[in-house]
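User: I would like to learn how to read the features of a two-chain model. Please give the general idea for each feature and then the case at hand.

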Amino acid sequence: MAEKKNVSRRDFLKTSGIAAGALVGGGIIGGVIGANTRQDTAAPSGGSAGQSGGAETTEAVRGLQFFKNQQEFAVLQQATERIFPEDDLGPGAIGLGVPFFIDHQLAGSYGENSREYMQPPFQVGEATQGYQSRLKRNELFRQGLQKMQQEAQSRFEANFVDLEGEQMDEILTAFQDDEVDMQGANAQFFFRLLRQATLNGAYADPIYGGNQNMDAWRMKGFPGHRPSYINEIESEEFVEFDPHSVGDMLS
Amino acid sequence: MATTLDKVDVVTVGVGWTGGIIAAECAKEGLKVVGLERGQERSTEDYSMVHDEYRYAIRYELMQDLSKETITFRNSRDQKALPMRQLGSFLLGEGLGGAGTHWNGQNWRFLPYDFEIKSMTDAKYGENKLPAEYTLQDWGITYDELEPYFDKFEKTAGISGEDKNPFWGKRSSDYPTPPMKKTPLLSKFETATSNLGYTPFMMPSANLSEAYENPDGQQIAACQYCGFCERFGCEYGAKTSPEITVVPAARATGNYDIRFNANVVEVMKEGDRVTGVRFIDTVTFEEFIQPAEVVVLTSYVMNNAKLLMVSEIGQMYDPETGEGSLGKNYAYQILPGASGFFDDQMNVFMGAGALGMTIDDFNGDSFDHSDLDFVHGASISMTQTGSRPIASNPLPPDTPSWGADFKKASIENYTRTLSVGGQGASMPHRDNYLSLDETYKDVYGVPLLQLTYNFTDQDRALHKYLTERAVEIMEEMGAKTVVGRAPISDYDIVPYQTTHNTGGTIMGGDPATSVVNNYLQHWDMENLFVVGAGNFAHNGGYNPTGTVGALAYRCAEGIIKYSQDGGSLV
């Protein structure tokens, strides 16, 4: 369902001729493309129930900041869900918003490697010397996801997102074992990055767009931001807390 | 064209613990001091959003921007060194406070044995205990000589602890504040190690057990056990750091200025004296020369060595001949240990960086090495630092690293896993050293520092032996499954290990085999001082900061003495 709506968004953007700047912040954006929003004009409020009064909470508008291609994002969604799947403990990567988290990170300094040494010459080194590719993380992610789709086609003659779980796992394992050829980087490194980004998105503070509703923290028993444990640190018993985001400090 | 600034008495390069201590001591004596800091000003108020694992611990908010400067690395001389493009094995700091902002707060004094390791090893085990390629040497100072400076640093920092360790050096006074709270998890370690016949004690901590006013009049708050110390700044001002102690003490004299965004690229010299430093404003890229009577290199290990090398001060170490001292005896640490999986959930997310208990029964020479193929050892500790969910995904053996089984096991074991770990002392080796890279440069056009390093047989033997001890302790603690750390092979710069890099600008009693004398005064340039963990002639079984702090007080005394009398201090 969501994909259908997004297609119409794309068509809308293509045909409307409205400059992107005119869309942002205007009521039109929510009404037309805010698939996840229940309130179309309000600025994202941080989602606290108190502010919207009653059971209905205000959700932020969700959209893609880095990926331009629905299929690549869909592969990312399914791949991260295989790494961190929904189960009886609680939501998986998709339910936690991990793909959106990764998309947003790839659009920013993480994806651009802006705090990393990216000067040439680039040379292949020993594994102990670490990452030596000229590819930025967001380039590596796009290529990796495209390769996953290609692997799905060549192995199973199907789109990655339409594969059975075990078939997706087979492809992910091939990347993990460095059995897929990539350009300018190796598949194993990409897999490690994808795995780590998935965990980052699952367990980072929800201010980054993942760990929705702090459900990953609840599963794990991590209370998030608490100013002090001085009154509980000597407790013999396990103490459970309702989790808090560092974002609460600003509300 | 560089702009030449007004001459000052003392200029320090970097404002962390060493730069702050030297500034405070010299400024109190009336010397005009300028601190050049390539990063920015920051203080307790800047850490109010610090309970954010992703921003600070995973994305390294407080660490060095590698796009400007990094190091290159190779395992051995026959490899091509390549840049460390992303932070990994160790975390370089930046900004006011330096690594003293993002430290955990474990505050140790190296053992008396450490300072005289060569003499004591030869006397006890003969001269051939280690093969000749291990370049072990004494530090040119004894523990007893350094004790007053240790004492001074601990009083400045308000260190919390208890004097119950039979293996460490004699203390002239008690810890300024009592030990931290002994939590149920620490008690587990205490009981187990006591049962095995060892002598556990509360780790000396810079996360203070109670509010404290130091001799300079600075207030340090009491730790709240919030679980965000390492890689974070403390929002309470309860983890002692330079920006809440020595830096304000220096500023209060009116004799101290800090210039931020000031990246020093060269130590200027004329004949056998230094005349000042040249730095680049990192915002405008303008060049400045800061003339000074005394120059003190107070940046991190890597940068202190690099500045001497690019300024061509001292004789470069040559691994072929063993001659030269600059870059020699770089050492890292090795990390034996064991994890234990338990049935009951524990409050692992509460804690503090230096909340821990330790045994020294296998550190230094406190156990007999006659039948062992290594010297030294490791302190073995259990710390409760606050486990956080991104980085802490403990998995029992044979659990996959992703997928359904991973998710279940990592969630189940997050609150049910404890670790004991050793900080293994690393002995210097002929083939482990620092030099300048011939290919790669920093953003200012200065060559990068090159690290040539690998673990040695001594390291591997020590790791194996100490891991066995850690496993025994964890078994005694009652874990249902105990996993010892895998044996080490080649050093890998990718996974985080420890930021305890040492050597390269080592101290000693002989100009032929050391860079600085025991006042940290350069042998070749009497008005140049170099202080930090780079002075360590080998790495010990503890965190370095306590010993670095002591050396900084020693150095400050030397600078003051030099300012009055001049000449060589030894």
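This is a predicted model: local features need pLDDT of at least 70, side-chain atom pairs count only at pLDDT 80 or more; totals for chains, interfaces and linings use all residues.

User: How many residues of chain A and chain B are in contact, and what is the area buried between them?

Analyst: The size of an interface is often given as the accessible area lost when the parts come together. Here about 5,800 Å² is buried between chain A and chain B, and carbon and sulfur atoms give 58% of that (buried area is the accessible area, with a 1.4 Å probe, that two parts lose on being put together, summed over both). Of the area that chain A buries against chain B, 16% is supplied by Arg115(A), Tyr117(A) and Lys220(A), more than by any other three residues. In contact terms, 75 residues of chain A meet 72 residues of chain B (contact means heavy atoms within 4.5 Å).

User: Which polar contacts and salt bridges link chain A and chain B?

Analyst: There are 37 residue pairs in polar contact across the interface, both residues at pLDDT 80 or more. A polar contact is a pair of N or O atoms within 3.5 Å; within protein, one must be able to donate a hydrogen and the other to accept it, and residues adjacent in sequence count only if both atoms are side-chain atoms.

The count of salt bridges between chain A and chain B is two (a side-chain nitrogen of Lys or Arg within 4 Å of a carboxyl oxygen of Asp or Glu). Asp87(A) bridges to Lys407(B), with the closest N and O atoms 3.0 Å apart. Lys181(B) bridges to Glu234(A), where the closest N and O atoms are 3.6 Å apart. That pair runs from the loop between helix H5 (143-157) and H6 of chain B to the segment after H12 of chain A (helices, H or I with at least four residues, and strands, E with at least two, are DSSP runs numbered from the N terminus). Over all chains the structure holds 42 salt bridges.

User: How is the sheet with E4 of chain B put together?

Analyst: Strands of a sheet pair through backbone hydrogen bonds, either parallel or antiparallel. This open sheet has four strands in the order E5-E4-E18-E17 of chain B, with mixed pairing (two strands pair if DSSP finds at least two bridges between them). Strand E5 (82-83) and strand E17 (433-441) of chain B are at the edges with a single partner strand each, so one side of each has no neighbour in the sheet. E4(B) (residues 71-74) and E18(B) (residues 447-452) pair in the parallel sense over four bridges, and Thr72(B) stands opposite Gln450(B) in E18(B).

User: What is the order of the six strands in the other open sheet?

Analyst: The order is E6-E14-E15-E16-E13-E19 in chain B, and the pairing is antiparallel. Its edge strands, E6(B) (201-202) and E19(B) (481-484), each pair on one side only. Four bridges join E14(B) (residues 356-359) to E15(B) (residues 378-383) in the antiparallel sense; in E15(B), Thr383(B) is the bridge partner of Gly356(B).

User: Where does the backbone show a cis peptide bond or a positive phi?

Analyst: Most residues other than glycine have a negative phi, and most peptide bonds are trans. The peptide bond from Pro120(A) to Pro121(A) is cis, with omega near 0°, and Pro121(A) lies in the loop between H8 and helix H9 (137-156) of chain A. Tyr60(B) is not a glycine, yet has a positive phi of about 60°; Tyr60(B) lies in the loop between helix H2 (53-58) and E4 of chain B.

Conventions:
Residues are numbered from 1 along each chain as its sequence is written. Chains are lettered from A and ligands numbered from 1 in the order in which they are written. Side-chain values use heavy atoms; hydrogens and water are left out.
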